[in-house]
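Please look at the sequence and the structure shown here before reading on.

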Amino acid sequence: MAVQLSDKESGHPIFTVTDEQFDFLAAALEEESTTDTDYFIDEATIEMLESDGADEELLDILRTILADRDGVEVNWERDGRSI
């Protein structure tokens, strides 16, 4: 099973990550509530994940999502349902 990451602003799908990658991301980042379905990603977030041992593929995905922006909100869905 995989988790689809989408740009919150545009709603466009960005990347699909593995369950393991998503679990790492979810464990490392703060959720505002049990129904929270997004994360804010910026360079500091990526650096923190890297120091916490994120795999290189996940880091590359997040860097690609960030591109030349200062930060981006990403939503996630599993099997077409927000989790």
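## Basis of the model

This is a predicted model, in which local features need pLDDT of at least 70 and side-chain atom pairs count only at pLDDT 80 or more, while totals for chains, interfaces and linings use all residues. Residues are numbered from 1 along each chain as its sequence is written, and side-chain values use heavy atoms, with hydrogens and water left out.

## Overall form

The chain has three helices and five strands, where helices (H or I, at least four residues) and strands (E, at least two) are DSSP runs numbered from the N terminus. Read from the N terminus on, these elements follow the order β-β-α-β-α-α-β-β. The C-alpha trace spans about 30 × 25 × 25 Å along its principal axes. The radius of gyration of the chain is 12 Å, which agrees with the value near 12 Å for a compact globule of 83 residues; that radius is taken over C-alpha atoms, and the globule rule is 2.2 Å times the number of residues to the power 0.38.

Among contacts (heavy atoms within 4.5 Å) between residues at least 6 apart in sequence, 59% join residues at least 24 apart. Buried residues make up 35% of the 83 residues, with buried meaning under 20% relative accessible area, exposed over 50%, and partly exposed in between (1.4 Å probe, protein chains only).

## The nonpolar core

A nonpolar core is a set of buried Ala, Val, Leu, Ile, Met, Phe, Trp, Tyr and Cys residues joined through side-chain atoms within 4.5 Å. In the largest one, which has 20 residues, Val 17, Tyr 39, Ile 41, Leu 49, Leu 62 and Ile 65 touch the most other members. At least two residues of this core come from each of β1 (2–7), α1 (19–28), β3 (38–42), α2 (43–51), α3 (56–66) and β4 (71–78), and α3 gives the largest share, six residues.

Which residues does Val 17 contact, leaving aside its neighbours within four places in sequence? Val 17 is in contact with Ala 2, Val 3, Leu 5, Phe 22, Leu 58 and Ile 61.

Helix α2 holds both Glu 43 and Thr 45. Glu 43 is partly exposed, with a relative accessible area of 36%, and, leaving aside neighbours within four places in sequence, Glu 43 is in contact with Leu 66 and Asp 70. The C-alpha atoms of Glu 43 and Leu 66 are separated by 7.8 Å, although these residues are 23 residues apart along the chain.

Thr 45, in turn, counts as buried because its relative accessibility is 11%. Not counting residues up to four places away in sequence, Thr 45 touches Leu 29 and Phe 40.

## Two residues in loops

Glu 31 lies in the loop between α1 and β3 and, at 38% relative accessibility, counts as partly exposed. Leaving aside neighbours within four places in sequence, Glu 31 is in contact with Ala 26, Asp 36, Tyr 39 and Trp 76.

Ala 67 is found in the loop between α3 and β4, and its relative accessibility of 57% means that Ala 67 counts as exposed. Most residues other than glycine have a negative phi. Ala 67 has a positive phi of about 45° although it is not a glycine.
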